[in-house]
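Please read it with the coordinates open.

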Amino acid sequence: MTKVNKNLLEGSSIKFVGTATSGTDHIDLEYLRKKEIAFASAPGCNSQAVAEYIFSAIIHIAYKNKIKLSGKSIGIIGVGNIGSKINKIARKFGIKTIKNDPPLKRKLGNGTFKSLKDALSADIITFHVPLNMGGIDNTYHLLNKKNLNLLKPGSILLNASRGPVIDNIALKNHLLEKDNLYTVLDVWENEPAIDLELLNLVNIGTPHIAGYSFEGKVKGTVMIYKSLCDFLDVPPFWTPTIPAVENRFTESQLNFETLEDIYNLIHYIYPIDEDSSQLKKSVKMPRLKAAEYFDLLRKNYKMRRESNSFNFNFSIF
């Protein structure tokens with residue numbers, strides 16, 4: 001939420017800036033280069049958390065609406081740290097993946113990447129791109145009034161990248177007119193003053209917390225800590241301690257024979273509907289109070305653990 005730019009840093013003695021996030025659109029990188037201020041981010045630190053968020057949402061919607069996932073397709077728009085994890089998890093569910101990533105396609109010359117139009121034709125569409133305001137790889141309003149109609153009725157639309165990747169007004173109008181999509185939004189335009197009408201329309205709406213796992217925060221902290229040590233030319237000496245998680249499931253309960261089995265386990269690990277219910281309380285609040293509430297939910301977010309911290313043999317994630 002903090003914009004790190006000339007207005008913040010001009011006249012200061014700052015020599016190093018670190019963000020324990022993968023996204024950097026809140027950082028004026030050109031200004032830092034100009035002022036010779038060292039910079040470090042934490043790409044990939046929360047990729048597992050976001051991937052688990054996405055599939056928690058998909059499983060929740062599939063179970064509640066009796067949607068069979070095997071044989072379905074998922075359009076993964078952006079196949080970096082997060083998108084590549086989603087690609088692997090989807091295959092475990094028998095979901096066909098349609099990958100769209102123009103920069104990666106140019107870099108690798110890989111014919112397996114498809115067009116945006118192809119990805120939007122999938123049964124599930126999920127966005128994992130940076131926010132690029134213009135240029136050959138523009139992602140601002142990548143999903144908009146013109147191409148929203150490419151989404152087939154009954155498809156699941158998810159965005160856990162950046163809010164302006166989807167034209168929120170166009171999406172709201174689409175849902176008001178047709179209401180034929182299952183929609184999951186963790187990111188919004190104009191955060192924290194989000195569109196409360198749109199929030200009321202989506203199936204799952206959360207306050208930009210998809211990557212807010214305990215493990216993701218620790219990984220990001222470690223990455224920035226090591227970068228700072230490199231900058232200061234001092235050896236790192238701190239190693240975090242990751243506490244164990246209580247597990248109430250027995251091995252006999254982990255058979256995954258039905259969607260209900262998978263739903264019960266994933267809901268135990270991360271009950272995404274609870275986060276959505278909390279945010280949706282703001283629908284009837286005045287706009288200013290709702291924006292403050294959005295911020296408070298992020299700042300006071302509970303400790304959420306990733307699946308690999310649970311001490312059972314869990315092979316889905």
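1. Residues 24 or more positions apart make up 66% of the contacts in the protein chain with a separation of 6 or more; contact means heavy atoms within 4.5 Å. The model is predicted: local features need pLDDT of at least 70, side-chain atom pairs count only at pLDDT 80 or more, and totals for chains, interfaces and linings use all residues. Numbering starts from 1 along each chain as its sequence is written, and side-chain values use heavy atoms, with hydrogens and water left out.

2. The protein chain has 12 helices and eight strands. These are DSSP runs numbered from the N terminus, helices being H or I with at least four residues and strands E with at least two. The radius of gyration is 20 Å, close to the 20 Å of the globule rule for 317 residues, so the chain is as compact as a globular protein of that length. That radius is taken over C-alpha atoms, and the rule is 2.2 Å times the number of residues to the power 0.38. Along its principal axes the C-alpha trace spans about 60 × 50 × 50 Å.

3. Of the 317 residues, 51% count as buried, meaning under 20% relative accessible area, whereas exposed means over 50% and partly exposed lies in between (1.4 Å probe, protein chains only). The chain exposes about 16,100 Å², of which carbon and sulfur atoms supply 52%. Areas come from the Shrake-Rupley method with a 1.4 Å probe; for residues, only the protein chains shown count as cover.

4. An open sheet is formed by six strands in the order S4-S3-S5-S6-S7-S8, with parallel pairing. Strand S4 (96–100) and strand S8 (204–205) are at the edges with a single partner strand each, so one side of each has no neighbour in the sheet. Two strands pair if DSSP finds at least two bridges between them.

5. Strand S3 (residues 73–77) has five of its five residues buried. Ser 73, Gly 75 and Ile 77 lie on one side, Ile 74 and Ile 76 on the other, and both faces are covered. In a regular strand the side chains alternate between the two faces of the sheet.

6. S3 and S4 pair in the parallel sense over five bridges. In S4, Lys 96 is the bridge partner of Ser 73, and Lys 99 that of Ile 76. Four of the five residues of S4 are buried, so this strand is largely enclosed by the rest of the structure.

7. Strand S5 (residues 124–127) runs parallel to strand S6 (residues 156–159), and four bridges join them. Thr 126 stands opposite Leu 158 in S6. The loop between S5 and S6 holds His 141, whose phi is near 50°, a positive value in a residue other than glycine. His 141 is buried, with a relative accessible area of 17%.

8. Glu 36 also deserves a look: its phi is near 55°, positive in a residue other than glycine. Glu 36 sits in the loop between helix H2 (29–34) and strand S2 (38–40) and is exposed at 71% relative accessibility.

9. The peptide bond from Glu 191 to Pro 192 is cis, with omega near 5°. Pro 192 is in the loop between strand S7 (182–185) and helix H8 (196–201).

10. Glu 306, in the segment after helix H12 (287–299), is buried at 1% relative accessibility. Leaving aside neighbours within four places in sequence, its contacts include Gln 48, Glu 52, Glu 215 and Lys 219.
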